[in-house]
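Please look at the sequence and the structure before reading on.

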Amino acid sequence: MIKKPVTVKLRDGLDARPIALLVQEASQYASRVYIEVADKKVNAKSIMGMMSLSMGEGEEFTVVAEGEDEAEAVAGVERFLSEQA
């Protein structure tokens, strides 16, 4: 299992379009991928779960991945948020 803290760098935060793209990114990996914010843990492959988070620019969360390609999954989610900034 890999855990990595990440800061939202998107100017408008994670609204509907970036969330949909983030779910697509997370879904490419065989590993289980979660986003942890405070006391919530949400499946990053679930559009409805991700929509429940409503994170703004500058907010921090933790990407958690567990499985055969966990390192790639965490790096992919982090890269997605960096390239979308």
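Is E66 buried, partly exposed or exposed? The structure is a predicted model, and in this model E66 has a relative accessibility of 34%. Buried residues lie under 20% and exposed residues over 50%, so E66 counts as partly exposed.

## The sheet

Four strands make up an open sheet, arranged in the order β1-β4-β2-β3, and their pairing is antiparallel. Strand β1, residues 2-7, and strand β3, residues 40-43, stand at the edges. Each of these two has a single partner strand, so one side of each is left without a neighbour in the sheet. From one strand to the next, the twist averages 25°. In general, the strands of a sheet pair through backbone hydrogen bonds, in either a parallel or an antiparallel manner.

The pairing of β1 with β4, which spans residues 60-66, is antiparallel and runs over six bridges. Within this pairing, K4 has V63 of β4 as its bridge partner.

The loop between β2 (32-37) and β3 contains A38. This residue has a positive phi of about 50°, although it is not a glycine. With a relative accessible area of 83%, A38 is exposed.

## Salt bridges

The count of salt bridges in the model comes to three. The table lists each pair with the distance between its nitrogen and oxygen atoms.

| Pair | N to O distance |
|---|---|
| K3 and E36 | 4.0 Å |
| E78 and K4 | 3.2 Å |
| E66 and R32 | 3.6 Å |

E78 lies in helix α3, residues 70-83, whereas K4 lies in strand β1, so the pair ties together parts that are 74 residues apart in sequence. Both partners are partly exposed: E78 has a relative accessible area of 26%, and K4 has one of 30%.

The remaining pair joins E66 to R32. Because E66 lies in strand β4 and R32 in strand β2, this pair ties together parts that are 34 residues apart in sequence. R32, like E66, is partly exposed, and its relative accessible area is 45%.

In soluble globular proteins, nonpolar side chains tend to be buried together. The largest nonpolar core of this model has 25 residues. Which residues have the most contacts inside this core? They are I35, M50 and F61. At least two core residues are supplied by each of α1 (16-27), β2, β4 and α3. Helix α3 gives the largest share, namely five residues.

M51 has its place in helix α2, residues 47-51. With a relative accessible area of 40%, M51 is partly exposed.

Terms used: Residues numbered from 1 in each chain as written. Predicted model: local features only at pLDDT ≥ 70, side-chain atom pairs only at ≥ 80, totals over all residues. Heavy atoms only, no water. Pairing = 2+ DSSP bridges. Axes fitted to C-alpha atoms, helices over the stretch in contact; angles between N-to-C directions. Buried < 20%, exposed > 50% of the residue type's maximum accessible area, 1.4 Å probe, protein only. Salt bridge = Lys/Arg side-chain N within 4 Å of Asp/Glu carboxyl O. Core = buried A, V, L, I, M, F, W, Y, C linked by side-chain atoms within 4.5 Å.
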